[in-house]
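Biologist: I am new to reading protein models. Could you take me through a few features, one at a time?

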Amino acid sequence: MTSNFISEAEFDNIRINNVTLSDIMNTEGDETQIRELIPATIIEKHINNGDRGPLNYSYTYDGFEITFTGNAGTPDHPGLAAFDITNSNWSITIQGKTVTIGSDIGILGNVVFNDTADGGKSIVYQYCDGCNNFIVVNFNQTTNKITEIGYIEIP
């Protein structure tokens with residue numbers, strides 16, 4: 001994977017609709033904290049309180065889905081496992097540059113591109129080589145418009 005490396009502080013300060021990634025991670029998926037931090041309407045939620053495997057919390061909004069799991073943290077302290085932004089209701093700010101679905105990738109500045117398994121390109125952000133978590137920005141190679149923004153934590 002070819003990545004754009006940013007500092008850990010810059011990574012923690014990535015913002016989704018002006019809420020830092022660090023603040024989101026610190027909720028550990030707790031519904032009350034999530035609702036306070038992200039005031040949008042939760043359309044669907046799935047909560048496994050540990051009765052059937054590790055703690056898991058998943059919240060779906062209009063154009064944004066976020067998942068926490070004990071597999072990405074510890075059994076009692078779920079970590080952010082993934083998020084997926086699929087419409088322009090949600091913005092992401094990386095190193096002071098804010099984009100949404102439909103934005104031109106040029107807004108992100110001078111970035112390196114990652115070759116995807118399907119022969120496409122994406123833009124990946126990490127804070128260290130070999131880290132198991134990263135932000136990925138997918139885009140249409142013909143129009144250079146952002147089509148999806150995600151976060152993945154590989155346990």
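Modeller: Start with exposure. Buried means under 20% relative accessible area, exposed means over 50%, and partly exposed lies in between. Take F113: its relative accessible area is 38%, so F113 is partly exposed. Keep in mind that this is a predicted model.

Biologist: Is F139 buried or exposed?

Modeller: F139 has 10% relative accessibility, so F139 counts as buried.

Biologist: How are the rings of F113 and F139 placed?

Modeller: For a ring pair, look at the angle between the planes. Under 30 degrees counts as stacked, over 60 as edge-to-face, and the rest as tilted. The planes of F113 and F139 meet at 50°, so this pair is tilted. The ring centres are 5.6 Å apart.

Biologist: Which parts does the pair tie together?

Modeller: F113 sits in the loop between β9 (97–100) and β10 (114–115). F139 belongs to strand β12, residues 133–139. The pair therefore links parts that are 26 residues apart in sequence.

Biologist: How many aromatic pairs does the structure hold?

Modeller: Eight. There is also an aromatic cluster formed by F11, Y61, F64, F83, W90, Y127 and Y151.

Biologist: Now the sheet. In what order do the four strands come?

Modeller: First the general idea. Strands of a sheet pair through backbone hydrogen bonds, either parallel or antiparallel. Here the order is β3-β2-β8-β9, the sheet is open, and the pairing is antiparallel. The edge strands are β3 (19–20) and β9, because each pairs on one side only.

Biologist: How many bridges join β2 to β8?

Modeller: Two bridges join β2 (residues 15–16) to β8 (residues 91–94). Look at I16: its bridge partner in β8 is I92.

Biologist: Which residues have the most contacts inside the largest nonpolar core?

Modeller: They are F83, I92, I135 and I149. That core has 36 residues. Several elements supply at least two residues each, among them α2 (21–26), β5 (56–61), β6 (64–74) and β13 (146–153).

Biologist: What does I135 touch?

Modeller: Leave out residues up to four places away in sequence. Then the residues I135 touches include F11, L21, F83, I92, V124 and I149.

Biologist: Next, cysteines. Which two form a disulfide?

Modeller: A disulfide is a covalent bond between the sulfur atoms of two cysteines. A search of the whole structure finds one. C128 and C131 form it, with sulfur atoms 1.6 Å apart. The torsion about their S-S bond is about 115°, so the disulfide is right-handed. C128 is partly exposed at 28% relative accessible area, whereas C131 is buried at 12%.

Biologist: Where does N87 lie, between which strands?

Modeller: N87 lies in the loop between β7 and β8. Its side chain reaches the backbone nitrogen of N89 at 2.9 Å. N87 also touches D62, G63 and I101, not counting residues up to four places away in sequence.

Notes: Residues are numbered from 1 along each chain as its sequence is written. This is a predicted model: local features need pLDDT of at least 70, side-chain atom pairs count only at pLDDT 80 or more; totals for chains, interfaces and linings use all residues. Side-chain values use heavy atoms; hydrogens and water are left out. Rings of Phe, Tyr and Trp (its six-membered ring) pair if their centres lie within 6.5 Å; planes under 30 degrees apart count as stacked, over 60 as edge-to-face and the rest as tilted. Buried means under 20% relative accessible area, exposed over 50%, partly exposed in between (1.4 Å probe, protein chains only). A nonpolar core is a set of buried Ala, Val, Leu, Ile, Met, Phe, Trp, Tyr and Cys residues joined through side-chain atoms within 4.5 Å. Contact means heavy atoms within 4.5 Å. A disulfide is a pair of cysteine sulfur atoms within 2.5 Å. A polar contact is a pair of N or O atoms within 3.5 Å; within protein, one must be able to donate a hydrogen and the other to accept it, and residues adjacent in sequence count only if both atoms are side-chain atoms.
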